[in-house]
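Q: Hey, I'm new to this one. Can you walk me through what's packed against what?

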Amino acid sequence: MQPPFPQGRPVLRFILHALAALILTLLTQIGGVAYLIALAAARICGLRRFAAKLALFLLCYAVATVATQFAAPAFGRVPLSCLSSAEDRLIVRSPIYCALNRNYVTPKLRDLAEALAAHMDAQFPGTVTFALDANFPFVNGFPLLPHLSHADGKKLDFAYYYKDAGGAFLNGATRSPIGYFAFEEPGPGDELPCAGRHDWLTTRWDFDALQPWFPAYQIEEQRTSAAIAWLTTEGVTRFGLQKIFIEPHLKNALGITDAHVRFQGCRAARHDDHIHIQIE
């Protein structure tokens, strides 16, 4: 017996493929194109098994990712490398940022990041500086979700520097494996600019259920303050730094008064788990 409405199957497959391509595009920018190429190649080759189709997609995506590194400079962006050595002091925190093509910046911003890491190494020998989310490789205005502004190659996030409960600096460590979502909670009497707000359209998520899973590290004030001091001086004069976003309670705790350090607003993500910078 034939199932009812068999003509609906091609429509459903089309919708599912379109949805997959859309999600991959939003996540990686180039993943949707790689998916459509792999889909067409699978049909030409007569592949039917899911494992074979998945392997073909991964191959297409890997080729596209490598090709992107050579194509992106034509669009004014270069990758921060995930292939670090023991001597490197600027390191992308997790390979996931490179795997998802979220590690692209303008050459000037790359130079700023490298200069910051070099300065921190000179002032505190051996110190590693972690870069987090940057931008996609192509097209100004393309959203790097869930960020609201990482869309032109001129924005970059850094992880904070951390110490253990005894005050010892933890080089090459962050509270979160990817550098995000392990928040420094404000204390009693701290400035709370978003208190009492209940915005529906916001990316200011607290992730309360995650917090107990993170180690009890604390921000290492000496290195963090030194990094922000360099950014607000050398970063401004040499590289055109415009803004730094951190939460007001951390700004106050670190004794920062420079006007380049600002609050990002109540609809944007919290910035007591990472430092956001942007240049002209």
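Q: What does Ile246 touch, leaving out residues up to four places away in sequence?
A: In this predicted model, Ile246 touches Tyr160, Ile228, Lys251, Ile256, Val261, Arg262, Phe263, Gln264, His271 and Ile275. Contact here means heavy atoms within 4.5 Å.

Q: Which residues touch the most other members in the largest nonpolar core?
A: Ile246 again, along with Leu112, Leu156, Ile244 and Ile277, in a core of 45 residues. A nonpolar core is a set of buried Ala, Val, Leu, Ile, Met, Phe, Trp, Tyr and Cys residues joined through side-chain atoms within 4.5 Å. Buried means under 20% relative accessible area, exposed is over 50%, and partly exposed is in between (1.4 Å probe, protein chains only).

Q: And which elements give two or more residues to this core?
A: Strand 2 (90-92), helix 4 (95-99), helix 5 (107-123), strand 4 (129-131), strand 5 (155-159), helix 6 (221-231), strand 8 (241-245) and strand 10 (274-279). Helix 5 supplies the largest share, 7 residues. Helices (H or I, at least four residues) and strands (E, at least two) are DSSP runs, numbered from the N terminus.

Q: What does the second core include?
A: That separate core has 14 residues, among them Leu24, Ala34, Ala38 and Tyr61.

Q: Switching to rings: how many aromatic pairs are there?
A: The count is 9. Rings of Phe, Tyr and Trp (its six-membered ring) pair if their centres lie within 6.5 Å; planes under 30 degrees apart are stacked, over 60 edge-to-face, and the rest tilted.
A: One of them is Phe75 with Phe138, an edge-to-face pair at 4.9 Å centre to centre, with 70 degrees between the planes. Phe75 is in the loop between helix 3 (50-71) and strand 1 (78-79), and Phe138 is in the loop between strand 4 and strand 5, 63 residues apart.

Q: Are those two buried or exposed?
A: Phe75 is exposed, at 51% relative accessible area, whereas Phe138 is buried, at 15%.

Q: Which residues do ring pairs link into a cluster?
A: Tyr97, Tyr180, Phe181, Trp205 and Phe207. Phe181 is partly exposed, at 29%, and has a positive phi of about 80 degrees although it isn't a glycine. You'll find Phe181 in the loop between strand 6 (162-163) and strand 7 (218-219).

Q: Which other non-glycine has a positive phi?
A: Asn101, with a phi of about 60 degrees. Asn101 sits in the loop between helix 4 and strand 3 and is buried, with a relative accessible area of 0%.

Q: What lies over the face of Phe169?
A: Arg223, at 3.7 Å from the ring centre. Likewise, Arg93 lies over the face of Phe130, at 4.8 Å from the ring centre. The rule is that NZ of Lys or CZ of Arg is within 6 Å of the ring centre and within 35 degrees of the ring normal.

Q: Last one: which peptide bond is cis?
A: The one from Leu145 to Pro146, with omega near 5 degrees. Pro146 is in the loop between strand 4 and strand 5.

Methods
Residues numbered from 1 in each chain as written. Heavy atoms only, no water.
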